[in-house]
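Hi,

Here's the structure I promised to pass on. Have a look, and my notes on it follow.

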Amino acid sequence: MTATEREIREGGPVVVVPEHMMASRAKSHHGGFPATLETARNELNSMDLEEDAVSSPASSSPATPGSPLTPAEVPTADSFAFAFDIDGVLIRGGRPIPEAIEAMKVLNGENEYGMKVPYIFLTNGGGKTEVERCIDLSRQLDIEVSPAQFICGHTPMREMVEKYGTVLVVGGEGEKCRQVAEGYGFRDVVTPGDIIKDNQHTTPFRKLTAEETANSRKRNYGETKIEAIFVFADSRDWAGDIQIMLDLAMSKDGYIGTLSETFDEGPPIYFSHNDIVWSAAHDNVRLGMGALRKMVEMLFKDVTKGKELETIAFGKPQIGTFEFATRLLQQWRKDEHRINAPPDTVYFVGDTPESDIHGTNQFNDKAKNEWYSILVRTGVFQEGTEPAYTPRVTVDTVLDAVKHGMKREFTKKMKSASGNFALNSLAFKNLSLNGETTVGTKTPILELSEGNTPERAMSPMAPIS
């Protein structure tokens, strides 16, 4: 790998490169889209986003050390990009869906247009740092991946570091979520294991393992005020975690062991996403964090004799996740192409209508650019059922989704200008997706009016809409 654990912890741009690609990478010295997006994300993190949102196209900054690294002979499309969910779209049960590897090759330039297409990942999955997730995905899909390309469900929680002091973090394996929270900058992170170690009677049927006992931090939690609860990842012990969350929700000012008379004095509870089910290795979908959220709210209402518990969820379909993705792609486009606007179209590929499609459609209604929802049949959605939220198009696999989006962009390019003449096969082949001719030709871009576009000249995929 290109980064050691020490380098990752010390910070700075990290691009994970599969080992077999190192030789060609050393020869070309090209960082490509992952490296340039890393620069854009670092710039985005350091600026006032509200001020940047109103800046004009003329304010584009001069080239930076992270500016164009993609070789000129393999241009990168700048007018559109892809965003992917992971589980059920690219990965299932920890293994890549076969068409996903081919789809990444197509996006990285192995296509009939001679273009690279930028892409990011918007996943509700969590429980690991963005760096760890990109290392996993790099190995699974055999591609270069940067942490800057990852937007996890719990990524927005880092913005609450200054708001809360002592927080309870729930979910994930071992100490992973505590490490993620501390990496975000939370100063005092408590886990359910800490509370159980202090008072083993908190969860009558859960006993800590020797490893959990060693990792859990001893203190008097009856005297510790928990200011907020963050569910970073799926719970590994629903009964114990629900018990502790309910204890705190019914507490007086976040002190476990106390009981509020009004049941409205507990700390706020944040979930990193709200997916009821998700696609795993099993043939049928499995319960997700959204189910845990519903159980906490339902049980709180039962034990308090009717009191409602309001919790907050991040991730898809919440608008903030899509807004951050748009700002990130806009900053990248500004750095790389001197255009201070997000890509005209972002194709979001997901498998869950209730989160992926709902969120994309909802954001598209308010976004200044187009967010185009594509539903695949390799995950949660099952053929023969009616999706709760209707996608722009439904396809079999992520490879079909990529081909559909690229075909649609190519067709839009042909329709964009007036002209009523037949397009011969040579000119059709040489038309590119970024306003330039493709590799190895000087044939000018030829575009047709809508009435004379030979849409059937390309291999049929899903209907264009």
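Gln-330 touches Ile-339, Asn-340, Ala-341, Pro-342 and Pro-343, leaving out residues up to four places away in sequence (contact means heavy atoms within 4.5 Å). With Asn-340 there is also a side-chain to side-chain polar contact of 3.1 Å; that term covers N or O atoms within 3.5 Å, where within protein one must be able to donate a hydrogen and the other to accept it, and residues adjacent in sequence count only if both atoms are side-chain atoms. Gln-330 sits in helix α12 (residues 319–337) and is buried at 15% relative accessibility (buried is under 20% relative accessible area, exposed over 50%, partly exposed in between, with a 1.4 Å probe and protein chains only).

Before you go further: this is a predicted model, so local features need pLDDT of at least 70 and side-chain atom pairs pLDDT 80 or more, while totals for chains, interfaces and linings use all residues. Numbering runs from 1 along each chain as its sequence is written, and side-chain values use heavy atoms, without hydrogens and water.

Now the aromatics. Rings of Phe, Tyr and Trp (its six-membered ring) pair if their centres lie within 6.5 Å; planes under 30 degrees apart are stacked, over 60 edge-to-face, the rest tilted. That gives 20 aromatic pairs. Phe-84 and Phe-121 are a tilted one, because their centres are 6.4 Å apart and their planes at 35°. Both residues are buried. Tyr-119 and Phe-121 pair edge-to-face, at 5.8 Å and 75°. Phe-84, Tyr-119 and Phe-121 belong to one aromatic cluster, whose members also include Phe-150 and Tyr-372.

Cheers

Notes:
Helices (H or I, at least four residues) and strands (E, at least two) are DSSP runs, numbered from the N terminus.
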